[in-house]
Protein chains: 4
Amino acid sequence: MIERKDYLQDPVVHIKISKKLTVDQLMQQFKNSGSLGAGRLATACDIYENMISDPECTVFLALSGAVIPAGMRTLVADLIRKRFVDVVVCTGASMVHDAIEAVGGHHYKGSCVVSDHELYKHHIFRIYDVFVTEEDYVRLDYQLSEMYDNIAAKHKGESLSSNEFTWEIGKCLKDPNSILRAAYEENVPIFLPAVRDSEFGFIHWLHSSQQNKKPILQLDAFKDVPTISGICSKSPKNGMVVIGGGVPRNTIQSAALASKKGLDYGVVITMDRPEIGGLSGSTLEEAVSWGKIKGQANQVMVIGDALMVFPFMVASVTERLGEDFRRVPFLERERLLEQRC
Amino acid sequence: MIERKDYLQDPVVHIKISKKLTVDQLMQQFKNSGSLGAGRLATACDIYENMISDPECTVFLALSGAVIPAGMRTLVADLIRKRFVDVVVCTGASMVHDAIEAVGGHHYKGSCVVSDHELYKHHIFRIYDVFVTEEDYVRLDYQLSEMYDNIAAKHKGESLSSNEFTWEIGKCLKDPNSILRAAYEENVPIFLPAVRDSEFGFIHWLHSSQQNKKPILQLDAFKDVPTISGICSKSPKNGMVVIGGGVPRNTIQSAALASKKGLDYGVVITMDRPEIGGLSGSTLEEAVSWGKIKGQANQVMVIGDALMVFPFMVASVTERLGEDFRRVPFLERERLLEQRC
Amino acid sequence: MIERKDYLQDPVVHIKISKKLTVDQLMQQFKNSGSLGAGRLATACDIYENMISDPECTVFLALSGAVIPAGMRTLVADLIRKRFVDVVVCTGASMVHDAIEAVGGHHYKGSCVVSDHELYKHHIFRIYDVFVTEEDYVRLDYQLSEMYDNIAAKHKGESLSSNEFTWEIGKCLKDPNSILRAAYEENVPIFLPAVRDSEFGFIHWLHSSQQNKKPILQLDAFKDVPTISGICSKSPKNGMVVIGGGVPRNTIQSAALASKKGLDYGVVITMDRPEIGGLSGSTLEEAVSWGKIKGQANQVMVIGDALMVFPFMVASVTERLGEDFRRVPFLERERLLEQRC
Amino acid sequence: MIERKDYLQDPVVHIKISKKLTVDQLMQQFKNSGSLGAGRLATACDIYENMISDPECTVFLALSGAVIPAGMRTLVADLIRKRFVDVVVCTGASMVHDAIEAVGGHHYKGSCVVSDHELYKHHIFRIYDVFVTEEDYVRLDYQLSEMYDNIAAKHKGESLSSNEFTWEIGKCLKDPNSILRAAYEENVPIFLPAVRDSEFGFIHWLHSSQQNKKPILQLDAFKDVPTISGICSKSPKNGMVVIGGGVPRNTIQSAALASKKGLDYGVVITMDRPEIGGLSGSTLEEAVSWGKIKGQANQVMVIGDALMVFPFMVASVTERLGEDFRRVPFLERERLLEQRC
């Protein structure tokens, strides 16, 4: 029975900005004062901090949209290196964007008020207000083709899972700022549930049609399902941070369901809304009915542009934990213990 | 050089509703009068009509979101049977929803203002305001498992593409209202670029872990890439109708690019917007810079809920073409000619 | 206590479009089958039909956004003439758009992909994809100035309310398709709670600065508050249809609160969402906490573009009620009875 | 003639967060790296800094939505005191929210997942996830009623403009954190173009109906039009920061048009989009066609929740300018010079 006074516990403390503030000083004000977007963002920071600080939790990051070309490549690579993220699930395109820069290409600050016909004539591709050149794609194509040859030779007669594929690619890249490279070095799996839907698929087609007798890279569409479910299963707790939605969010939630664990923590940053029924905008409450997320989970949806929202979250949590904080995630500790025995 | 009078050619003719109207009578008023959403919807109908009426055009339909459980299952199956759609690209979940009903399950009109914890206890899953029971999933699981056995036995040692997989499933289903069944009967390929990200993937895991020595269904992640690109390539013209966005939209646009054709027609129905950089909300102009859509293509984006928008479009175009209109699509005519020779 | 079977009463009946359909035939399918946007739209039609059919209900229409120039001018005027609307509350701009056409000006079908700098040089103003010329504004300005003189002379020493002002303007206009004219003829009050925020305010400034000794039109900012609250108060039931939101929606809800009635019916068509805290996107449940809408009210929010949604609603309800249906609203019947006595 | 290399000038520099960052340190990274929301937010900070630093510019702030109860009350009052804002245009409700706290009431951190029927029974009103009690409204009502008496006695026979009204109210309030008080003390006008659409209008009704022979507060609906246009007119440059949209944004843009100045700077923070044709979501380019904003103006729209976005902007700009920075705005300097002569 909720009494009237229960509703009236916390008067809003208004935000005060009279001098230089660190990101987390402002975020703490959002927590004390805030409601609406400010309140949700402050809650998201708390939940993300809790996920990272929970020694039993495995942290899944879902990435969709064009956040990598738009400025979050190094950020994500660093999260992997510090193990603020234990598993990545993303679109093929995100890793293609990463690879383009890893092999020497660039993304450029552009504009969305521009003639796309002119860009087409100049062999420049547009991703909202970011530009990328065809020649940078072509450079990647050649290198991917070579990598495919080597991976196929090595794994002759074997079908890889998408996460084995990304580690093999990561192994071939040398750029330390590369997400693929960082994940390979840090033993962080990157799942691409729709790997064919990207330059990786297109190059596979080109490459395999020119192979004559040479072995061809094989990817098994289903092979990563038990792997990701197994990670959920082994980990005492699981949390997810979703940027965007789509297939990456669904893959994590399905793994949580398939493993009968249900997520313990959930942060979703999106501009999608529930009313049209898509998964990307669906509430985390809806996920409770499925058992994808626990009823008592710490969870919040932040309605906003991830390019703004996520760096503020990361800066705030980094400030709280200190720059030297390096997490040893649950599954790795288990492995270390096993090795020691 | 645009002169002042060029801007002022068409005074808005205001919508007039004084009596019973057919859907297309209202839509024609949207065309004459309209601007904003009405104008875009009328344009979308015209473009869809043009796609269907163009004897050289192959029509691709991208499906994402929960439109199938929410009421569009029969509609899509009928579009396939009348060949208003030649190729479907969708999420795994959409076809799982179709299959659930095909094997005797149901979706129920529910509510979004409900306790998800209660639903969880009742083994009822929520998709916004649609309910579906766990037992209907389990019924499907058993049947899928059996189908997998049969398909695996038939295709021993072979890796299927996602479109081969959906035809095999469609062959096993008997419900004439099933999308999978209709597609199988009508020779319409259904591509599932992220097939693992659905009950199809989960059942594969369960199934293959219990197989002992029996053959296991194999799906090749990349095998459908040349198939869909080949369809674009052979077809003199290509058009797409997108419901939602995500991987299905990207897959079609990539096929148009890979085949160096570029789309001639494009209709996108979505609530996503371009500003956050995701593919789902990106403009069709942006696709021009990539060569995914032709600069002079007929294209429009309708910002709206597909459950409202798409049936209005289909009703309007059906009215225009007459109920007996049955399209023989380009690629089928080609096949018929070849057979005759 | 809700039992499991209570959740599973109504299997979704899928939409079927095999032949020409009237608008309401499709809408009835939305009702039977539907959920998501289709379900909400069908519910909105039912509620609007109920409002109109309820002999005790006064129907308030809130208008904001550019729906009048974009094609809904005649539609709204006709709703007034058939008394499907008893009270209008709108932005000043909406009635300026109406008046521009009433004095011979036009709105033109334009485009949103255009150089606004070019338009500026051509003295063409843009409202998304609608154009309107400066000369049409100037023509209105001259006529308004004259009307202001006459109204001021007639109401010397008196301050008008916004609804008295709109009737005076309506009296001066002769165009039968004009909303202002229709409202004047039909005795339907039009409230402009932010009347100054429009050409009406600008012309008042110009006009009053040139008046020398002549009387100046006076508008009392507060005078319409008791009038609109009084209408709510006298009417046994009240319903609102909101297009957009903003000040017009708030004004109606506040009148329902001030009169201690609370609305009995509510339909809101908007693209705004609740998360950012604005009134326009706030749920109708939120309005229950204030007493602006009754807890047991029939209410629904349709997330969509009003230029698409509202004409479909009006066509559907018109079809149901028949083209000769003419409503005699509660307050008018009261007046007729009083006159008879 | 744009050459290919012109498009490819600025490679994206990726965001790097390895240690504690001040808000502006992160914002500077957004500027260097960024695109999408990060890029727009960084641009918005630059434009706001430029507005404040431009000795010839008058800064208009438009406020709509529930940002005051949700935590931005002190922030806005401080902006007024530091003269980072010279003119405020807002909804009546925003100033009612301010006044409620000024007379001792509170807003409370609440929730949006709550029974509104329960809240209604407890006389608690909900504004998304903020609560406010009826008794705090009643307390304000009594005090407003008294203020109205005093203002009416003082201005007998005179009709006030909305900005004169807000100064009179501000004079009666003693809370230094009050926006109304700060504006009164700092000589900053607050315009309420829809003043009737708020508790100010409701109390006026109650109050005037109980006045017997006592003078009644009179507000002239049109009187503030020449005042705000006059401010634009006298100021060499004008800039606006819009939170939300609606009538407040339109009022500023119309003043810029009426004064034939056109805005030199524009920042809009909103979740509204242009496609449905409303003013709130309309682009600043569209405003160029009207002459409301100059073609060469510095302008940007940030798509986001103002409760998150605006504090980050203010913190960033405060850090840049230093905490002791106090602006003497153009019009005040003019006044000081005149007084000195």
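Biologist: By what turn and shift can chain B be laid on chain C?
Modeller: By a turn of 180 degrees and a shift of 0.0 Å along the axis, with an RMSD of 0.0 Å; copies are superposed by least squares on the C-alpha atoms of residues with pLDDT of at least 70 in both. The two copies are thus related as by a two-fold rotation axis. This is a predicted model, where local features need pLDDT of at least 70, side-chain atom pairs count only at pLDDT 80 or more, and totals for chains, interfaces and linings use all residues. Residues are numbered from 1 along each chain as its sequence is written, and chains are lettered from A in the order in which they are written.

Biologist: Which residue of chain B comes closest to the rotation axis?
Modeller: B:Thr22, with its C-alpha at 1.9 Å.

Biologist: Different topic. Is D:Ile243 buried or exposed?
Modeller: D:Ile243 counts as buried because it has 26 C-beta neighbours inside 10 Å; the cut-off for buried is 20 or more other C-beta atoms within 10 Å, with C-beta atoms placed from the backbone.

Biologist: Which strand does D:Ile243 lie in?
Modeller: Strand S9 of chain D, residues 237-243; strands are DSSP runs of E, at least two residues, numbered from the N terminus.

Key: Helix = DSSP H or I, 4+ residues; strand = E, 2+ residues; numbered from the N terminus. Buried ≥ 20, exposed ≤ 12 C-beta atoms within 10 Å, placed from the backbone.
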